[in-house]
Amino acid sequence: MIVTDAHVRRAVDRDGLRTCEVEVHTNDASTPELLVYFGASRDNDYDMVTIVQNDAKTEIDWYDNSMHSAFADVSDELFDTLTMKTDWGERETFKEQVLSFPGIRADIGRLMDWS
């Protein structure tokens, strides 16, 4: 899966954790649009906390809310292997593709510095 576009949408609180929501577009037909949530990590970078697939169609479903049923958490299954184990290399590659997209790290850093 290759990231074709990414932009930071907003800072949000997810389960008591300060995160930034990044809209990601990929070349993968089964996951063309994802919402990826990043939180601060101990190594002064960002942890990929949750990945949500957006099945809402804006033409008919105008209510953009990640708690809506059209949004499914795919964090566990997206990088599973045939043996149902996480492919950590593939997961890390995807994370770095998103964070390396122009402006993403800077925008996350700016939004994570909220009071």
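Predicted model: local features only at pLDDT ≥ 70, side-chain atom pairs only at ≥ 80, totals over all residues.
Which exposed residues does the face of helix 2 turned away from its buried side carry? They are A106 and R110. The protein has five strands and two helices, and from the N terminus the elements run β-β-β-β-β-α-α.

**The big picture**

- Of the 115 residues in the protein, 39% are buried.
- Take the contacts with a separation of 6 or more: 43% of them come from residues 24 or more positions apart.
- The protein exposes about 7100 Å², and carbon and sulfur atoms supply 50% of that.

**The nonpolar core**

- The largest nonpolar core has 21 residues, and the ones touching the most other members are V22, V24, V36, F38, I51, F94 and I108.
- At least two core residues come from each of these elements: strand 1 (3-14), strand 2 (17-26), strand 3 (33-40), strand 4 (46-54), helix 1 (88-100) and helix 2 (104-112).
- As background, nonpolar side chains in soluble globular proteins tend to be buried together.

**Helix 2 and I108**

- On the inward side of the story, I104, I108 and M112 are the buried residues to look at in helix 2.
- These three sit on the same side of helix 2, because they cover an arc of only 60° around its axis.
- I108, in helix 2, counts as buried because its relative accessibility is 0%.
- Leaving aside residues up to four places away in sequence, I108 touches V8, C20, V22, F38, Y46 and L99.
- I108 and G39 are 69 residues apart in sequence, yet their C-alpha atoms are 8.9 Å apart in space.

**Salt bridges around R9 and E23**

- The structure holds seven salt bridges.
- One of them pairs R9 with E23, with the closest N and O atoms 3.3 Å apart.
- R9 is in strand 1 and E23 in strand 2, so this pair ties together parts that are 14 residues apart in sequence.
- How do the two partners compare for burial? R9 is partly exposed at 26% relative accessibility, whereas E23 is buried, with a relative accessible area of 13%.

- D45 counts as buried at 17% relative accessibility, while R105, at 30%, counts as partly exposed.
- Elsewhere, salt bridges that share partners join R9, R10, E21 and E23 into one network.

**T26, a buried threonine**

- T26 is in strand 2, and its relative accessibility of 9% makes it buried, because the cut-off is under 20%.
- What does the side chain of T26 reach? It reaches the backbone nitrogen of D28, at 3.2 Å.
- Not counting residues up to four places away in sequence, T26 touches M1, I2, V3, T4, T31, P32, L34 and F94.
- F94 from that list is also among the core residues that touch the most other members.

- D15 lies in the loop between strand 1 and strand 2.
- Is D15 buried or exposed? It is exposed, with a relative accessible area of 82%.
- The phi of D15 is near 55°, which is a positive value in a residue other than glycine.
- For context, most residues other than glycine have a negative phi.

Note on methods. Residues numbered from 1 in each chain as written. Heavy atoms only, no water. Core = buried A, V, L, I, M, F, W, Y, C linked by side-chain atoms within 4.5 Å. Buried < 20%, exposed > 50% of the residue type's maximum accessible area, 1.4 Å probe, protein only. Helix = DSSP H or I, 4+ residues; strand = E, 2+ residues; numbered from the N terminus. Polar contact = N/O pair within 3.5 Å; in protein donor to acceptor, adjacent residues only side chain to side chain. Contact = heavy atoms within 4.5 Å. Areas by Shrake-Rupley, 256 points an atom, 1.4 Å probe, with all protein chains shown as cover. Salt bridge = Lys/Arg side-chain N within 4 Å of Asp/Glu carboxyl O. Arc of directions from axis to C-beta.
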